[in-house]
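Hello,

Here is the structure I said I would pass on. My notes on it follow below.

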Amino acid sequence: MQIAIASGKGGTGKTTLSVNLSTFLAEKFKGTDQKVVLTDLDVEEPNSGLFLDGNLVHKEEQFRRVPEWDEEACTLCKRCAKICEFNALAFLGISVVVFPELCHSCYACSDLCPENALPMKYSRMGDLKHISLSENLHFVESRLDIGIEQATPLINQTKQYTKGHFDNSWISILDAPPGTSCPVMEAVKDSDLVILVTEPTPFGLHDLKLAVETMEELNKKTLVVINKHGIGNSDVEQYCAEKNIPVIGRIPHLRKAAEVYSKGELMFQQIPEIRTEMENIYNGITSWIKA
Amino acid sequence: MKVLFSAKSEGWNAPMDDRFGRAEGFTLYNEETDELTWHSNQENKQAEHGVGIQAAQLVAMLQANVVITGGNFGPKASSLIQKTGAEMIEDMNNMSVKQAYESYKSKQ
């Protein structure tokens, strides 16, 4: 079971929900054979780890491969620059220049070069960390290096790590990046379920609509959790009702919640109303599984 | 010498385009033959990324010695044009291609 937690708008509470729900479920499942792994795929600014303390199990560097021009082997046929879909190669008549920041590591130029003049070389993207919090709660996160423009390859490899290390007996929760572009699609595309977090404001609704449209395009079943419930208006609820999207949780807007959050602690452990909402969200997910 | 301009349309009287990679097109003036040729950029300017790279490849292909734009060259375009050895002139905006050419010549 793989559940992605996403949102159109940033700052709506993806991480809040991810860390609280994962820890809540792990506590709930204690003594059973059910286990939870949380993966922070917001690799440009991973922050789930701020709320989770544990033991480092494994750390590894993450690389992707980009072509490197071999001047000696090149016959200046221009084929590479013509094939590149992403304009990542410039043919200047007497030389070829690679722009790694535009390269999508598709290998087309390298594979189709008749002279083998564009071998693929390793290029560092960032670091991955695997942390154990308890017997039935693990955490994986990747952090993109400063200056690296593309998050998608690192998101993909981080998901592969989680898939490779945790079998089906683990419930896999993915903390997705914000927005509706490639990084989000990469993060959610193979999930069984997507939970969209929103806030009940015009901004929240506007970006929720974009996120819902994106998930429809990807044929993803979506459920909604409203964060900061109590502010704004009821337009989000109305929109979800019209769209037939179940709202499975309403995390109340409380001063105490902000205080707990600011200390990097878990809200459901200190605020009973939020614990109740985690229970509601769990029930919402299980009734979706049954249906 | 060959001079390339980023322009809104064809001909000497066309206004300069203040974009380079996403310009409407490029006018090439060959001083030796007194020829003026137009190279539309309609296809390339639609691309999401790397339009400056495409335009810089045109500079190389046409073997321009001077490139004049109404605005600024992007970082990728300018790093490539530098490699071709062409001279880069920026900020020739609010004028026609002819005026940009004359302005460039008067400063030489």
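Five residues of H10(A) are buried: Ile274(A), Glu277(A), Met278(A), Ile281(A) and Ile285(A). Viewed along the axis of H10(A), its buried residues fall within an arc of 105°, so they line one face of the helix. Pro272(A), Asn283(A), Thr286(A), Ser287(A) and Lys290(A), on the other side of H10(A), are exposed.

Please keep in mind that this is a predicted model.

**Chain A as a whole**

Chain A contains ten helices and eleven strands. Its C-alpha atoms fill a box of roughly 70 × 40 × 35 Å along the principal axes. The chain is divided into two domains: domain 1 takes in 2-63 and 126-290, and domain 2 takes in 69-118. The C-alpha centres of these two domains of chain A lie 39 Å apart.

Of the 291 residues in chain A, 43% count as buried. Among contacts in chain A with a separation of 6 or more, 72% are between residues 24 or more positions apart.

**Contact with chain B**

Chain A gives twelve residues to the contact and chain B gives 13. On the side of chain A that touches chain B, nine residues are nonpolar, three are polar and none is charged.

Regards

Conventions:
Residues are numbered from 1 along each chain as its sequence is written. Chains are lettered from A and ligands numbered from 1 in the order in which they are written. This is a predicted model: local features need pLDDT of at least 70, side-chain atom pairs count only at pLDDT 80 or more; totals for chains, interfaces and linings use all residues. Domain bounds come from an automatic or database domain assignment. Helices (H or I, at least four residues) and strands (E, at least two) are DSSP runs, numbered from the N terminus. A residue is buried if 20 or more other C-beta atoms lie within 10 Å of its own, exposed if 12 or fewer, and partly exposed in between; C-beta atoms are placed from the backbone. Two residues are in contact if their C-beta atoms, placed from the backbone, lie within 7 Å. Ala, Val, Leu, Ile, Met, Phe, Trp, Tyr, Cys and Pro count as nonpolar, Asp, Glu, Lys and Arg as charged, and the others, Gly among them, as polar. The arc is that of the directions from the helix axis to the C-beta atoms.
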